[in-house]
Amino acid sequence: MSSTGAPAHPTADDAVADGLGAVDRPTVSFELFPPRNPDAAPRLWSTVQQLAAARPDFVSVTYGASGSTRQTTRALVRRLLRETSLSPIAHLTCVGTSREDLTRTVEEFLDEGVRSFLALRGDPPADESWRPHPEGLPTASALVALLREIERRRCATSPAQAVRAASRPLSVAVAAFPRGNAGSGSTREQDIAALLAKQEAGADFAITQVFYDVDSYCELVALARDAGVVIPIIPGIIPMTDPARLRRVQQLTGVEVPAQVLDVLDAFDPEDPVDVGRRHRAGTRLGVDLANAVLDGGAPGVHLYTFNTPGPALDLLEGAGLGGDAPSAHSRVTAAPLDDPTPVPTS
Ligand code: FAD
């Protein structure tokens with residue numbers, strides 16, 4: 001933050017004044033997961049439409065462990081491509097999959113017009129340790145290399161494809177870990193070595209795992225730069241409005257939620273709608289402060305883990321001045337003082 005209290009980074013208003021895609025507008029992006037069952041699809045689509053109002057630079061779609069959501073991830077990415085102006089990024093993992101199968105999956109995505117991937121190793125089932133598929137790929141960097149190899153082959157064998165690739169180049173993102181990856185038992189130094197390998201294999205940018213303090217992000221970037229990583233590293237931020245969700249994410253990722261965050265959120269009564277509204281505003285403030293701090297620290301943008309719930313993500317963006325055209329109901333929530341008794345919608 002600047003000494004006047006205003007964010008030092010350019011805001012969405014600056015971006016509107018300069019035109020979208022203006023050089024200095026921080027990027028805004030969201031992570032979605034495919035609907036778990038057909039009944040969840042309409043609600044997800046409503047989420048997509050609400051998030052679209054923030055005019056995100058891209059929307060990433062997760063890929064279930066061992067390709068378990070291969071079809072639903074594909075269906076959601078296809079629908080985003082066909083029915084919206086959003087740019088989807090398809091997550092892809094190597095765990096439990098042969099190279100041949102991965103190649104087929106990548107070809108299917110490319111045939112449907114997907115031009116952006118987030119290449120990941122993926123995690124084994126909770127009770128198993130990591131072992132690559134006997135005919136598969138050992139690391140995310142090997143998957144980045146495979147994506148580049150498939151694209152080169154398609155361009156070499158089809159002049160039409162080469163023209164399309166020139167006008168819409170393939171983009172490959174990868175994961176980065178601010179404090180090491182507790183999930184795979186690696187240290188920050190090991191993960192920076194892995195990030196360098198991903199860059200050398202052809203990665204264009206990285207998105208971080210969740211973290212809760214600005215130093216985690218800034219230290220990762222500084223150490224990565226010292227190691228030779230030059231690609232942009234986008235901070236992945238989780239809206240901090242729901243303590244139960246934060247605790248679940250801690251179990252899944254091994255990233256500890258700071259006691260100070262939980263103390264703030266747990267002070268409110270989860271059974272009282274007025275208190276839930278206050279908790280929402282207090283949690284949104286924590287997220288806004290983190291987003292402003294990383295942007296002031298040089299982050300190229302923010303990637304929000306939405307858990308398919310638009311309200312907390314849009315309120316965070318609004319508070320950080322990055323809300324785009326998102327409905328004003330969301331800004332009402334963040335602008336309200338902490339003791340405003342208005343309950344907050346959960347979506
Ligand atoms: P890798 O980079 O391959 O790293 C795996 C391990 O190998 C690490 O311990 C690393 O240190 C080590 N390693 C790899 N290469 C080297 C090297 N050259 N030198 C030294 N060590 C090396 N999981 C899903 O199943 N589906 C998803 O959709 C999904 N989305 C995600 C999105 C983001 C933004 C993030 C941060 C994570 C996501 N994950 C997802 C989780 C991810 O798959 C796991 O965290 C996994 O354990 C690591 O994946 P990776 O791509 O970083 O793997």
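# Close-up views of a predicted protein–ligand model

**Figure 1. The shell of residues around the ligand.** The ligand is surrounded by 24 residues, the closest being Y63, H91, D123, A140 and K198. Sorted by class, the shell consists of 10 nonpolar, 10 polar and 4 charged residues. At least two shell residues come from each of β3 (88-93), β4 (116-120) and α7 (188-201). Which element gives the most to the shell? The answer is α7, with 5 residues.

**Figure 2. The chain as a whole, shown for orientation.** The chain contains 13 helices and 9 strands. Of its 347 residues, 50% are buried. Its accessible surface comes to about 15700 Å², and carbon and sulfur atoms account for 53% of this area. When contacts between residues at least 6 apart in sequence are considered, 76% of them join residues at least 24 apart.

Figure 3. In soluble globular proteins, nonpolar side chains tend to be buried together. The largest nonpolar core of this model has 86 residues. The residues with the most contacts inside this core are F30, L92, F117, L143, L195, I233 and I237. What does F117 touch, when residues up to four places away in sequence are not counted? Its partners are I89, A90, L92, V106, F109, L110, L147, L170, S171, V172 and A173.

**Figure 4. T73, a residue of helix α3.** T73 is part of helix α3, which spans residues 70-83. Is this residue buried or exposed? T73 counts as buried because its relative accessibility is 0%, below the 20% limit for a buried residue. With neighbours within four places in sequence left aside, T73 is in contact with P34, V61, T62, Y63 and F109.

**Figure 5. R225 and I231, at and beyond helix α8.** R225 lies in helix α8 (residues 214-227), whereas I231 is placed in the loop between α8 and β7 (233-234). R225 is partly exposed, having a relative accessible area of 35%; I231, at 7% relative accessibility, counts as buried. Residues up to four places away in sequence excluded, R225 touches V230, I231, P232 and I233. The contacts of I231, with the corresponding neighbours left aside, are L195, Q199, A203, D204, F205, A206 and R225. Two C-alpha separations complete the view: R225 and L196, 29 residues apart in sequence, are 9.6 Å apart in space. I231 and V221, 10 residues apart along the chain, have C-alpha atoms separated by 10.0 Å.

**Figure 6. G277 within helix α11.** G277 belongs to helix α11, which covers residues 273-296. This glycine is buried, with a relative accessible area of 0%. Between the C-alpha atoms of G277 and T241 the separation is 9.6 Å, and the two residues are 36 positions apart along the chain.

Figure 7. Most residues other than glycine have a negative phi. R55 has a phi near 50°, a positive value in a residue other than glycine. Where is R55 placed? R55 sits in the loop between α2 (41-52) and β2 (58-61). F307 likewise has a positive phi, near 50°, and lies in the loop between β9 (301-305) and α12 (310-319). R55 is partly exposed, with a relative accessible area of 28%. F307 is also partly exposed, at a relative accessible area of 27%.

Note on methods: Residues are numbered from 1 along each chain as its sequence is written. This is a predicted model: local features need pLDDT of at least 70, side-chain atom pairs count only at pLDDT 80 or more; totals for chains, interfaces and linings use all residues. Side-chain values use heavy atoms; hydrogens and water are left out. A nonpolar core is a set of buried Ala, Val, Leu, Ile, Met, Phe, Trp, Tyr and Cys residues joined through side-chain atoms within 4.5 Å. Buried means under 20% relative accessible area, exposed over 50%, partly exposed in between (1.4 Å probe, protein chains only). Contact means heavy atoms within 4.5 Å. A residue is near a molecule or strand if one of its heavy atoms lies within 4 Å of it. Helices (H or I, at least four residues) and strands (E, at least two) are DSSP runs, numbered from the N terminus. Ala, Val, Leu, Ile, Met, Phe, Trp, Tyr, Cys and Pro count as nonpolar, Asp, Glu, Lys and Arg as charged, and the others, Gly among them, as polar. Accessible areas come from the Shrake-Rupley method with a 1.4 Å probe; for residues, only the protein chains shown count as cover.
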